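Let's walk through this chain together, from one residue out to the whole fold. Have the viewer open as you read.

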Amino acid sequence: MKFKALLTSALALALAATLHAEPLKIGYSDWPGFTIFEVAKQKGWFKEAGVEVELIWFDYLPSLDAFSAGKIDGVTVVATDALVNGANGAKSKIICLLDYSNGSDMIIGAPGITSLKDLKGKKVGIEVTLVDHLLLLKGLEMNGLKQSDVELVNTATNETPQTLGSGKVSAVGAWYPVSSQALKQVAGSKPIFTSADAKGLIYDVLAVSPTSLGKRKDDWAKVVAVYYKCVDYLKDPATKEDAIKIMAARAGAEVKEYAAAVPGTYFLTLEEAKAAMKKGDGLDSIYGSMAIGNKFNLENKVYKDSQKPESYVAPSIIMGLK
């Protein structure tokens with residue numbers, strides 16, 4: 001009886017520790033694949049799953065800085081940028097594949113520019129070494145051109161609409177919502193290459209601190225399961241409108257405009273994420289996609305030491321979910 005009482009007491013203490021655990025702090029920003037976490041917050045799904053989560057809203061780059069400084073436990077991030085953080089000392093483990101960009105990242109031509117081939121010898125405004133620089137290079141390669149065939153003008157992504165409108169460049173690169181702003185502000189501008197032309201080049205992921213993952217793997221598994229619950233809610237015709245309303249409100253966007261932009265992000269279901277978590281060399285695998293990103297980072301001197309996707313991708317949580 002004494003052993004039974006001790007066991008009961010230990011279980012009670014373990015339960016109490018779980019209930020009073022520090023919330024997992026996750027940084028997220030205005031990309032749709034990140035903002036969808038807001039659905040879980042509004043619906044109370046984290047608590048329902050038995051995990052305390054504090055979602056912290058950031059602009060994208062400050063969210064990466066917060067993760068690097070150890071102020072948050074996890075961050076929603078482009079997989080290629082997780083490599084950059086890691087090379088600079090903030091290693092992470094990718095436990096959840098969120099989406100891939102399916103048109104929301106764009107190379108936008110000024111009026112009169114109708115294809116990437118029209119950019120030969122011309123200036124392109126782009127935030128050098130970020131993801132749309134990678135997209136531009138992929139597009140140039142697919143059109144028989146090289147980076148040296150254009151002149152890059154380093155431009156903060158949120159300044160690309162004004163830069164395109166100034167007439168000083170022939171094209172810009174930007175992601176949603178800035179890409180939509182550029183198209184709206186510059187009459188006659190048009191997308192000439194998008195992430196829909198290179199599906200899987202830009203994966204978005206949930207990357208977490210290795211220390212936090214080691215201590216609280218079960219809690220992170222609950223977070224990942226909730227994420228795919230959000231995806232199912234968005235993909236269900238009966239609840240899609242509600243999901244979009246929640247996401248648009250968090251992003252400060254008009255619902256109708258936001259709904260039109262959502263298809264530019266391909267939200268991965270759990271089964272699709274499992275498939276993309278398998279090792280492969282192509283863009284249909286997170287490993288193949290990150291290898292391309294690593295090559296891009298090395299060639300553009302973003303970091304010196306090659307990063308191995310295998311040391312970042314932690315597939316066990318996703319593969320263990322049903």
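Which residues does Ser68 touch, not counting residues up to four places away in sequence?

## Starting at Ser68

Ser68 touches Asn85 and Ala90, where contact means heavy atoms within 4.5 Å. Ser68 sits in helix H5 (residues 60-68); helices (H or I, at least four residues) and strands (E, at least two) are DSSP runs, numbered from the N terminus. With a relative accessibility of 40%, Ser68 is partly exposed. On that scale, buried means under 20% relative accessible area, exposed over 50%, and partly exposed in between (1.4 Å probe, protein chains only). Ser68 and Asn88 are 20 residues apart in sequence, and their C-alpha atoms are 8.6 Å apart in space.

A word on the basis: this is a predicted model, in which local features need pLDDT of at least 70 and side-chain atom pairs count only at pLDDT 80 or more, while totals for chains, interfaces and linings use all residues. Residues are numbered from 1 along each chain as its sequence is written, and side-chain values use heavy atoms, with hydrogens and water left out.

## The chain as a whole

The chain has 16 helices and eleven strands. Its radius of gyration is 21 Å, close to the 20 Å that the globule rule gives for 322 residues, so the chain is as compact as a globular protein of that length. Here the radius is taken over C-alpha atoms, and the rule is 2.2 Å times the number of residues to the power 0.38. Along the principal axes, the C-alpha atoms fill a box of roughly 85 × 45 × 30 Å.

Of the 322 residues, 52% count as buried. Among contacts with a separation of 6 or more, 77% are between residues 24 or more positions apart.

## Two nonpolar cores

A nonpolar core is a set of buried Ala, Val, Leu, Ile, Met, Phe, Trp, Tyr and Cys residues joined through side-chain atoms within 4.5 Å. The largest one has 100 residues, and those with the most contacts inside it include Leu206, Trp220, Val223 and Tyr228. Helix H11 (residues 217-235) gives the largest share of this core, eleven residues. Leu206 touches Trp220 and Val223, and its other contacts include Ile26, Phe37, Val75 and Ile95, not counting residues up to four places away in sequence.

Apart from this core lies another, of eight residues, among them Ile108, Leu164, Val172 and Val186.

## One side of H9

In helix H9 (residues 178-185), Val178, Ser179 and Ala182 are buried. These three cover an arc of only 105 degrees around the axis, which puts them on the same side of H9; the arc is that of the directions from the helix axis to the C-beta atoms. Their cover includes strand S5 (106-109), helix H8 (160-166) and strand S8 (171-174).

## Aromatic pairs

Rings of Phe, Tyr and Trp (its six-membered ring) pair if their centres lie within 6.5 Å; planes under 30 degrees apart count as stacked, over 60 as edge-to-face and the rest as tilted. The count comes to ten aromatic pairs. Phe37 and Phe46 are stacked, at 6.4 Å centre to centre with 25 degrees between the planes. Phe37 is buried at 0% relative accessibility, and Phe46 is buried at 5%.

Trp45 and Tyr233 have ring centres 5.4 Å apart and planes at 80 degrees, so this pair is edge-to-face. Trp45 lies in helix H4 (residues 45-49) and Tyr233 in helix H11, so the pair ties together parts that are 188 residues apart in sequence. Both Trp45 and Tyr233 are buried. Phe37, Phe46, Tyr227 and Tyr228 form one aromatic cluster.
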